[in-house]
Number of protein chains: 2
Amino acid sequence: MSSRDAVLRAAREQFSRKGYDAATVRAIAAEAGVDPSMINHHFGTKEQLFMAALESPVDPKDHVSAVLNGPREDVGERLVTRFLTVWDSPAGAAGVAVLRTAMQHEWSAALVREFILNRAIKPLLAGLGVPAEEASWRGNLVASQLSGLILTRYLVKLEPIASAPHAVVVRALGPTIQRYLTGAVGADHLGG
Amino acid sequence: MSSRDAVLRAAREQFSRKGYDAATVRAIAAEAGVDPSMINHHFGTKEQLFMAALESPVDPKDHVSAVLNGPREDVGERLVTRFLTVWDSPAGAAGVAVLRTAMQHEWSAALVREFILNRAIKPLLAGLGVPAEEASWRGNLVASQLSGLILTRYLVKLEPIASAPHAVVVRALGPTIQRYLTGAVGADHLGG
């Protein structure tokens, strides 16, 4: 195994077991038997190492900025629109392949979960100014609707949702996501 | 292979390829190399054969009646409440096992899809008097939210949604399901 592969393997193990925040480049380097400077040199930051471990062609950062850019009362519609645009692109087809793998490997499922929560949903909620104690609950609700959209539209391919034009899906799911992000969802009962 | 196993195998193949409605006991019997009367004798009706093929411990029929029994404006809350009660029961744990299998086998995924759409969602929408041309779209939307709930709460076990009390989940998801079942969801743009 090359040291690059050893680093990626150690990164997947640590990110999926400890989560993105608790995992450190130092510990990943130690597990891979390399110097931390080798990781910095070949992969860059912890974020970039995480992306490499996930082999994701999409960096959610740009999408989060775009979704935040506009009136607060339309953020649900913008999120669903952007989400459909990404998943219907060639990168989205790669994402579907990643998800199929993720369902078969524990580490991969954990990585995907960390990826979506930390790289997309948390920054979005922070950008909206959602209080930290509500962010987990609202983030879970958004994840529950959007993961179900991926499942029904892209994996199981239920009709008519698999072939529905973006505007139709946005009209149906936009208000749901809007309420989960900014509306009344009992967030006072579940913080953390 | 016993003739019982041959029937179950043929049933899975036909139900998943043709869908529940188009599959026939006669064709299943032909494929299994048995007489249709053998299927009637050992399994009962097409519905019962379908349940046997899915090895499901839950018959959704009783649950659909219970969800329909009450004010129309609270049907979303009743559906989410009932859904959580079933999935948090021992039968639900078996259901999670079925779903994990379903993700790995094409026929099983198709069976689960047919099971949920035909045995639970369609009868519910019919009971609510939803016009046939809106039923597929509304059913898909309900499936997108509830499949995402299963994914986040029971399979991926995201926190806090995995441990949230039923009342908290119902308060958040009840209005979503209510709108998908009876509210404005652009159903006029997508029938069939």
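**Figure 1. Aromatic pairs in the predicted model.** A search of the whole structure finds 6 aromatic pairs over all chains. Rings of Phe, Tyr and Trp (its six-membered ring) pair if their centres lie within 6.5 Å; planes under 30 degrees apart count as stacked, over 60 as edge-to-face and the rest as tilted. The ring centres of Phe83(B) and Trp87(B) are 5.9 Å apart and the planes stand at 40°, so this pair is tilted. Both Phe83(B) and Trp87(B) belong to helix H6 (residues 75–87) of chain B, where they are 4 residues apart, about one turn of the helix. Helices (H or I, at least four residues) and strands (E, at least two) are DSSP runs, numbered from the N terminus. This is a predicted model, in which local features need pLDDT of at least 70 and side-chain atom pairs count only at pLDDT 80 or more, while totals for chains, interfaces and linings use all residues. Residues are numbered from 1 along each chain as its sequence is written, chains are lettered from A and ligands numbered from 1 in the order in which they are written, and side-chain values use heavy atoms, with hydrogens and water left out.

**Figure 2. The two domains of chain A.** Chain A is divided into domain 1 (3–54) and domain 2 (61–182), with bounds that come from an automatic or database domain assignment. Taken over C-alpha atoms, the centres of the two domains are separated by 26 Å. In contact (heavy atoms within 4.5 Å) are 11 residues of domain 1 of chain A and 10 residues of domain 2 of chain A. Together the two domains of chain A bury about 1,000 Å², 70% of it on carbon and sulfur atoms. Buried area is the accessible area (1.4 Å probe) that two parts lose on being put together, summed over both. Of the area that domain 1 of chain A buries against domain 2 of chain A, 47% is supplied by Ser16(A), Phe50(A) and Leu54(A), more than by any other three residues.

**Figure 3. Salt bridges.** A salt bridge is a side-chain nitrogen of Lys or Arg within 4 Å of a carboxyl oxygen of Asp or Glu. By this rule there are 8 salt bridges over all chains. One of them joins Lys61(B) and Glu47(B) through their side chains (3.4 Å, N to O). This pair links distant parts of the chain, with Lys61(B) in helix H5 (residues 60–68) of chain B and Glu47(B) in helix H4 (residues 46–54) of chain B, 14 residues apart. Across the interface of domain 1 of chain A and domain 2 of chain A the rule finds 2 salt bridges. In chain A, Glu47(A) forms a salt bridge with Arg119(A), and their closest N and O atoms are 3.3 Å apart. Helix H1 (3–18) and helix H4 (46–54) of chain A are the elements that give two or more residues to the side of domain 1 of chain A that touches domain 2 of chain A. H4(A) gives the most to this side, with 5 residues.

**Figure 4. The interface of chain A and chain B.** The contact takes 36 residues from chain A and 36 residues from chain B. The two chains bury about 3,000 Å² between them, 66% of it on carbon and sulfur atoms. On the side of chain A, Asn140(A), Leu158(A) and Pro160(A) lose the most area to chain B, together 16% of what that side buries. Between chain A and chain B the count is 0 salt bridges.
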